[in-house]
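Work through the exercises below with the model open beside you, and try each task before reading its solution.

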Amino acid sequence: MQIQILKINGTAKELYPLVGPLVMNPEVLKYNNRYPFKTGKNFEWYIAVNEADDETVGFIPLEYKSHETSINNYYVQQEGHNEILNRLIEAVWQNMTKDIPQLTALVQTRHAALFKEQGFTTTKEWKLYLKMQKIK
């Protein structure tokens, strides 16, 4: 599968056709433990698109806060999910500004090993999630 990663501002009009069908899909919301996806002017979305059919196969909304940058939720389709999630995490990390050297992620427990391979360390654990961080 050939994947292209797009970086789109959280309020850009082109964002909604790419992620709208997914963020309102009951199966995707179930994947996200029924937690709704959100966006705004402080968000940047990294979207994985299958080049063969222009289908969105995953995304990470990245929120910029005054003291940190955070991943609070994300989605990747089942087929090829490790490759897709790895590519998305790498794209997020490569585009991090040096002004905010810390990336915090609320990670589903099923993806903890993948984030650890990407250099994240666990700072807090819950039943369904881990809070992880990576520092430049």
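**Exercise 1.** Decide whether phenylalanine 59 is buried or exposed, and then describe the ring pair that it forms with phenylalanine 37.

*Solution.* Phenylalanine 59 has 0% relative accessibility and therefore counts as buried, where buried means under 20% relative accessible area, exposed over 50% and partly exposed in between, with a 1.4 Å probe and protein chains only. The model is a predicted one, in which local features need pLDDT of at least 70 and side-chain atom pairs pLDDT 80 or more, while totals for chains, interfaces and linings use all residues. Residues are numbered from 1 along each chain as its sequence is written, and side-chain values use heavy atoms, without hydrogens and water.

Rings of Phe, Tyr and Trp (its six-membered ring) pair if their centres lie within 6.5 Å, and planes under 30 degrees apart count as stacked, over 60 as edge-to-face and the rest as tilted. By this rule there are six aromatic pairs. One of them joins phenylalanine 37 and phenylalanine 59 edge-to-face, at 5.1 Å centre to centre with 75° between the planes.

**Exercise 2.** Which residues does tyrosine 31 touch, leaving aside those up to four places away in sequence?

*Solution.* Contact means heavy atoms within 4.5 Å, and tyrosine 31 touches Tyr74, Tyr75, Val76, Gln108, Arg110 and His111. Tyrosine 31 and glutamine 108 are 77 residues apart in sequence, yet 9.6 Å apart from C-alpha to C-alpha. Finally, tyrosine 31 belongs to one aromatic cluster with Phe37, Trp45, Phe59 and Tyr75.
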